[in-house]
Each structure stands twice: as C-alpha cells, then as structure tokens.
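Please have the sequence and the structure on the screen while I talk.

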Amino acid sequence: MPVRPNRKVRAISLLAAAAAAGALTLTTPAQAVIGDAVADDTYTFSAKIDVGGVRACSGTLLNNQWMVTAASCFTEDPAQFASLPAGAPALKSTATIGRTNLIGTTGEVRQITQLIPRTDRDLVLAKLDSPVYGVSFLHPATTAPTAGEALKGTGYGRTKDTWVPDQLHIGMFTAGTVEATAIGIDGTPICKGDTGAPVFREKDGRPELAAIASRSWQGGCLGSDETRTGATASRVDDIRAWLTENTASTLNNWNLQMLTRTSTGLYHAMRNSNGDWTGFGDVQKVAGTITDLAYAADAAIKGKNYVFAVGGDGRLYEANRRPTGGWEAFRDITDEVGSKPGLTRVAVTSTGSGLALIGLASGRVYHATQDADEKWSKWGDVSAKLGLLGNATQVTTAQTSNGDTQVGVVADKKAYHATRHSDGTWSAWGHISNLPTGLDAINGMAFAGTGSNLQIILTSPTGGKKHAIRADATGSWSAFGDLGSRLGNEPTISVDAAGVTRELQAAVVTADGKVKHILRHDNGKWDATEQVAGYPGTPATVALTGSAD
C-alpha cells in the first residue's frame, strides 16, 4: 500500500517547487499528466535512490561505478544544493539500478559511498560501493539542447494516482530557454521522486544524456493542486571534461581505439576508461586517401596506434596516430614486406615493442613483423609451413603474454587456429570447428589476448555468436558460450576484438548496418551491449585495439 510521506518530506517537496518559481522559462502546455510505464529491461541506466529513508530521487548510471543525480537529493533544504559537501552522504543512501519494476529482482542494489558535487548547478556525482554489470550506461551529450527540442526522461517519481510507484516511467518534454547551466522543460510533469532523473535525447538510435531534472512545479502530480508542469534541469553537455576527470578509473589509463570502414570512408573513434566515446574522425582526411579502400586493421604500442589499409589494387599502406593525437600520413609499404597479388585482408597485433602482421592473399596466409625501429621483415608463407586451407576468407591475430602470436583463419566456413611461438616456431593448424562450438558454419572470427589467455569470438552467417577462452599455458578450451543473447541474433558482416587491460572488448557490424560494442571484465562479468553511433555512411568492417593515454 502506498504510504503518504511525513510532513518533513512534503515540506521539502514544496520548497523545491517554490525555489523553481523564479527560474523556470516554460514553453508549450503540458502534453500529459503522467508518463508511460517502460518495458522490462529497457532504460536500465535508470536508478532509484533512497536517501536515509527520508526522501527518494532518481539517478543515471554513467559507468560501472558512478551515477549522476541532483545535489538537492542529499541536502535537507533542496534550495541549498550548492552547500552540499564532498565526501560520504550524511545519511546512508542506496541506489537500485537496472530494476524497471522495483518488485522484481533484476538489476543491482548498491550503497552510495562518495559524492562529488558541482557548485554552479544542482548536480552531483555519486560513487557506488562496488561496480554494477550487465546494465546500460547513459553517455553525456556533446551538444547543448535547443529551444523546442523534443526530449525524454525516465524516473521513479509519483504519478497522478500513485504515491510511491514501483514502476519506472518515461516522460516526454519540450526544451524551453537554454541558460548557461540549466534548461527549462515542459510536458510530462516531473513529480516528487523524479528529482535527479535523466533528461535525454534520442540520437542515431541511442539515448544521450542532456540534463538532470532539478526543480519542478509538480502540476498533475498526486497530492498537488498546482496546474503548472514546467521544470528546470541541469545541463551536462558543457561539463563532459569534469565528468570524465572524476569518473574515469584511476587504475586504467587505456583507451579502446575503433576503426570503422563505411560506404563513405575510414573513420576512427576512441572509448575512454569511463566508457565515453569520442566522435568519429575522418582518417583519410588527416592521413591521406587510399584508392578503393578494401580493408583496414589496427594495433597499438603504448599510445601509438598503427593503422593498415589494403587498397583496391592489393597494395598495403601504413599510417599511425601519435599519442598526442596527430596523424602521420599513409605510406605504401608493399615493397618493404613484399608484393602479394590478391591481398584482401590483414590482421595485426602488438608484440610489445613491435608488430606482427597477418595477410591473406589469393587464399594463402602470410606473416611479417615490424621491429622496435619500425623496420619490416618480408612476408613469410604460413600456408607453406602449416598447409593450405581451402577458400580462406578471414584472418585474425592476437598476442598472449608469453610472447606467442595467435593466428586464426576462417576457411570453407570453418575456423582454424595456429600459434607462432616466441622462438619463431609454429604449431600446426588446429581445427576449432571440431570443438562443440554450436555453429554449423562460420563467417567471422576475432581473437584478443588477455594476459596468458586467448579470447575468441565466432559468428555464423545466420546470426549465431559464440565466445570461448583458450588457456595458453595448457592449450585447453573453455565451453563456447552464447553471445547472441547479448549482441543480438542478427547476421553480422564483420567482427573484431581487443584485450584492453585484461578486459575483452568486442564489436560487430550487423548486416542491417549497425555497429555494436560489448565488454567482458576480467572477473567474467559482461556489460550491456551498446550501439555505437556517429560514423558517416553505412559500416562494412570494424577493427579494434587498445592503447595507453
């Protein structure tokens, strides 16, 4: 049975409404008096916050261990949010995250252990006592809202007929005046319990955080006689650097680098240690144009990202992105490694001080190395050493911590594996498809080294996706687990993976033109899949590597 809050809580609610009176700039009339209940397992970045059993708010998960909400949730007088001190909350506070229906058991419950407030707006970062896995994050927007823009919000606040709802609801807003630190919004009422809720836009098929709900009139909310429905929300687009600085892992200064070849060119983006993506930059604009670009791969040595491109004429080009962010232009290295007519695919991995390059040309597999002085060896014919695999279509490679280079090939819709040991010797081809992979045919394979283990992802033409781990010390394989439930069962046309500080990061390009990313932590926990956005054109291939800042 819903419980009516005590007089103290109700007074706080009224104070919040009163404080908003001088600040709101309203736009269109209210569109509704209550948002719709959201479907199960959607908008799982949403959080229900309980502050000492005295008041409730909503919040947003930014990454595994940090949320953002309103500072006024943690002050006795909401109008005094700027006085909130940094450190532990004054009252024991908890967050329920990823639980669309609070009666259920999905999601996680965590204690809030640290607050980092802003003094210029009603906003605070809240650290959780332990990481949360398997739920989505909401990344901050890169551009400010504009007057008249359609926005959305999710919260656990009061509705027109329920005092303490158990269900997450979604509301629709229209942006009003945009100020230096805040925006006015109107539409679905923001009620008690919605303070701190995310206000977001849908962009390129995914949500991005524009603001955090702060104060409202609460018109249309149960127990309120007010008719006005406008509200104020604190902007986040202009404080991205502050959010990153305070929420990035202090133990992880590595970024994920992503290359995406699309119908319009080759583009590069980075995902930093707190989970946020940069925008996609045009590689050929800064590093030179490759005629009829057919394929691209990348690997990194510390902060330097090496990019390899195969042109339509089968020639091989190398460029690199310096740790400072500048690019060195593509240069033709075909003569350095040796011309291989019919070159269509390359895969590359860091060996610590150099690179190992795998090529696929006219159905044969080749191997070359670059030393610490960036000098290349000539292609060596792996197929001549290990045997020719018929109708080879894909290659992948990764380095494991014992210095071995792991090589994978898809041939005749089957998966094969071999190892080039640190002493230069090779193992024979192993037939991965003879293992119980659960796939009848294979069209994609990606390797990633995480310490001494090799992580492998296989995809099938019909959309199946599997993951396993090979223990390099023993050569034994784990059972193949189903990734379709995480990455979706759409057919894929490209897959790649990278080991970044012992975590597996993987991405696929689906046949309907989406790039999806997923991360597996060293403890075996998976993050929710996210759809990557912002690249021009229709994606065709994806390549990943990790590099230090």
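Let me begin with a term: I call a residue buried when its relative accessible area is under 20%, exposed when that area is over 50%, and partly exposed in between, with a 1.4 Å probe and protein chains only. This is a predicted model, in which local features need pLDDT of at least 70 and side-chain atom pairs count only at pLDDT 80 or more, while totals for chains, interfaces and linings use all residues. Residues are numbered from 1 along each chain as its sequence is written, and side-chain values use heavy atoms, with hydrogens and water left out.

With that in hand, take Thr195, which is buried at a relative accessible area of 18% and sits in the loop between strand 10 and strand 11. Helices here are DSSP runs of H or I with at least four residues, strands are runs of E with at least two, and both are numbered from the N terminus. If contact means heavy atoms within 4.5 Å, and neighbours within four places in sequence are set aside, Thr195 is in contact with Cys57, Ser58, Thr69, Ala70, Ser72, Cys73, Ala213 and Ser214.

Two of those partners bring me to the disulfides, and a disulfide is taken as a pair of cysteine sulfur atoms within 2.5 Å. How many disulfides does the structure hold? There are two, and with bonded cysteines counted along the chain they follow the pattern 1-2, 3-4.

One of them joins Cys57 to Cys73, with 2.2 Å from S to S, and the torsion about its S-S bond is about -115°, so this disulfide is left-handed. Cys57 belongs to strand 3 (residues 55-63), whereas Cys73 lies in the loop between strand 4 (66-69) and strand 5 (93-97), 16 residues apart. Both ends are shielded: Cys57 is buried at 3%, and Cys73 is buried at 0%.

The other disulfide joins Cys191 to Cys221, with 2.0 Å from S to S, and it is left-handed as well, with -90° about the S-S bond. Cys191 is in the loop between strand 10 (182-187) and strand 11 (198-203), and Cys221 is in the loop between strand 12 (206-216) and strand 13 (231-235), so this pair ties together parts that are 30 residues apart in sequence. Here, too, Cys191 is buried at 3%, and Cys221 counts as buried at 3%.

Next, the cores. By a nonpolar core I mean a set of buried Ala, Val, Leu, Ile, Met, Phe, Trp, Tyr and Cys residues joined through side-chain atoms within 4.5 Å. The largest has 41 residues, and those with the most contacts inside it are Met67, Phe74, Ile97 and Ile112. Among the elements that give two or more residues to this core are strand 2 (46-51), strand 6 (108-117) and helix 2 (240-247), but strand 7 gives the most, with four residues. Met67, residues up to four places away not counted, touches partners that include Ala47, Ile49, Ile97, Ile112 and Leu128. A second, separate core of 20 residues includes Ala299, Leu357, Ala368 and Trp379.

In strand 29 we find Ala446, which counts as buried at 0%. Ala446 and Val495 are 49 residues apart in sequence and 6.2 Å apart in space, C-alpha to C-alpha, and Val495 is one of the contacts of Ala446, along with residues including Thr396, Gln455 and Asp496.

Glu374, in the loop between strand 23 (364-370) and strand 24 (380-381), has a positive phi of about 65° although it is not a glycine, and Glu374 is partly exposed at 26%. Asp412, in the loop between strand 26 (405-411) and strand 27 (414-420), has a positive phi near 50° and counts as partly exposed at 38%.
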